[in-house]
Amino acid sequence: MPSRALSSRAASPETVWQALARPGYPLTPWPWRSAAYLLSGVPAGIAVLGVTGVLAVAGGLLSLVLVGLPLLALLALGGIPVAGLERRRIRLVDTRPLPDPHRRPAEPGLGPWALTRFRERATWRELGHALLLALVLWPLDLIAVGFGLLLPLDLIATPLLMATVGDGGEAKVAKLWTVTSWPAAWAFAVLGVVLLAGCGYALGAVAGARAEVTRLLIAPRETALGQRVTELTRSRMRLVDAFEAERRRIERDLHDGAQQRLVALTMSLGLARLDAPPGPVADRLRTAHEEAGEVLAELRELIRGIHPAVLTDYGLAAAVADAADRSVVPVEVSLDGAAGRYSDAVEATAYFVVCEALANVARHSGAARATVTGRYGDGRLVLAVEDDGRGGARAEGGSGLTGLADRVSVLDGRLSLSSPVGGPTVLRVEIPCDIRTDIRTEAIN
């Protein structure tokens, strides 16, 4: 029994379009639901037309003074209650969920609510729906109901008219035909029944099309899949920010903790070497002192690789200039067009792309020189690393560029490589971002 009930519920149509495709449609409630949907749109449209006209005229006449501005704002927000009513009416012919597309304001109160609504596209789509309802849709609803429902019912009522209001044995049908005999009256009644069954399909089609237009205008644009993709994108950005914050924390702990202790150890070993007399002990102290110095140098390189302090303090341009100074291959840097400050994730990604590119130039290209150029425009940071080496580089050849491309893609950026045989090799990265205004850009000398 439960499975049979479940199958019957699954088989029930959700929309009038599904009901139209099934046999026995004229004997179901769907034709009457379609007629009720269209008929209820007539008073709603007339009411919207009247209110809209009053607000528009009053707001236009008073627009020269401040009194007219609230009326115009009220007119702009007038589509919201109309759309709310439409979400309830549409259930007559379409039972699929139609959620409210509006966001909840960040703060309580009328001001934050109105500001949020004015910034939403859904508000203006619903205003367009209200204007379309007032000017176009309700007259069409009235015409459809008049021809599809009232005319057949008038024909069916012909015998009743003959019996009650017949004048001298005749009656007017739909103010078009004059019936003077009972056989003709019953013939009109039979014709009305047949016409009512046929018009039921027409009413269903008109109501279905009307509901689709309404759903197109007032339904939220983001589907469940779109909302899921949006949330995944946001969570990915949160993970990137958390990852960069953790990198900076590790860099700070190593810089302020382990590195300082190694510096102190190196100084202690150096002083011990000076105090120790020549011999095996002095030799061991010298070896330990040299080893401590090498460990300190490696730790500094590790710290710089995790997240250089210059990147946090002075920004991308200074960090790239520092990386160029440490490069084995001479590097010319020109970042005048990209010397601003960006988000931490953008700066870190761009910096490590440049560092990886310069490392590949030193290891594999055989280049005599390289250049790093950058610019910012149209909301995009563009960096290019070019060398005069032998070319023929491939991103999939273990160069690490595949991982960098994945990291750039997290920020919706793009990394491209051009490296024909014989050179030159150009690595280009584009990252959409905004310039930060909360950090003062230091001059780079």
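**Exercise 1. State which residues of H13 are buried, and what covers them.**

Solution. The buried residues of H13 are Leu-316, Ala-317, Ala-318, Ala-319, Val-320, Ala-323 and Ala-324, where buried means under 20% relative accessible area, exposed over 50% and partly exposed in between, with a 1.4 Å probe and protein chains only. The model is a predicted one, in which local features need pLDDT of at least 70 and side-chain atom pairs count only at pLDDT 80 or more, while totals for chains, interfaces and linings use all residues. Residues are numbered from 1 along each chain as its sequence is written, and side-chain values use heavy atoms, with hydrogens and water left out. Helices (H or I, at least four residues) and strands (E, at least two) are DSSP runs numbered from the N terminus.

The next step is the cover: the buried residues of H13 are covered by elements including helix H12 (309–314), strand S3 (331–337), H14, strand S4 (370–377) and strand S5 (380–387). Because seven of the ten residues of H13 are buried, this helix is largely enclosed by the rest of the structure.

**Exercise 2. Describe how H13 packs on H14, giving angle and distance, handedness and the residues that meet.**

Solution. Begin with the axes, which are lines fitted to C-alpha atoms, for helices over the stretch in contact, with angles running from 0 to 180 degrees between N-to-C directions. Helix H13 (residues 316–325) and helix H14 (residues 344–365) have axes 10 Å apart and pack at an angle of about 15°. That makes H13 roughly parallel to H14, given that angles under 35 degrees count as roughly parallel, over 145 as roughly antiparallel, 65 to 115 as roughly perpendicular and the rest as oblique.

The crossing of H13 past H14 is right-handed; a crossing is left-handed if the near helix is turned anticlockwise from the far one by less than a right angle, and right-handed if clockwise.

Finally, list the contact (heavy atoms within 4.5 Å): from H13 come Leu-316, Ala-319, Val-320, Ala-323 and Ala-324, which meet Glu-347, Ala-350, Tyr-351, Val-354, Cys-355 and Leu-358 in H14. By class, the residues of this contact of H13 with H14 are ten nonpolar, no polar and one charged, where Ala, Val, Leu, Ile, Met, Phe, Trp, Tyr, Cys and Pro count as nonpolar, Asp, Glu, Lys and Arg as charged, and the others, Gly among them, as polar.

**Exercise 3. Carry out the analysis for H14 and H15.**

Solution. The axes of H14 and H15 come within 10 Å and cross at roughly 165°, and the two helices are therefore roughly antiparallel to each other. Their crossing is left-handed. On the H14 side the contact is made by Ala-348, Thr-349, Phe-352, Val-353, Glu-356 and Asn-360, and on the H15 side by Leu-401, Leu-404, Arg-407 and Val-408. The residues of the contact of H14 with H15 divide into six nonpolar, two polar and two charged.

**Exercise 4. Identify the residues that touch the most other members of the largest nonpolar core, and the elements that contribute to this core.**

Solution. A nonpolar core is a set of buried Ala, Val, Leu, Ile, Met, Phe, Trp, Tyr and Cys residues joined through side-chain atoms within 4.5 Å. The largest such core has 38 residues, of which Leu-316, Val-372, Leu-381 and Leu-383 touch the most other members. Two or more residues each are given to this core by H13, S3, H14, S4, S5, helix H15 (401–410) and strand S7 (425–432), and H14 gives the most, with eleven residues. Apart from this core lies another, of 20 residues, among them Ala-19, Ala-35, Val-93 and Ala-219.

For Leu-381, when residues up to four places away in sequence are not counted, the residues touched include Leu-316, Val-346, Ala-350, Val-429 and Ile-431.

**Exercise 5. Determine whether His-129 and Asp-378 are buried or exposed, and where each lies.**

Solution. His-129 is found in helix H7 (residues 121–156) and is buried, with a relative accessible area of 0%. Leaving aside neighbours within four places in sequence, His-129 is in contact with Val-82, Glu-86, Thr-214, Leu-217 and Ile-218. Asp-378, by contrast, lies in the loop between S4 and S5 and counts as exposed, at 82% relative accessibility. Asp-378 also has a positive phi of about 55° although it is not a glycine.
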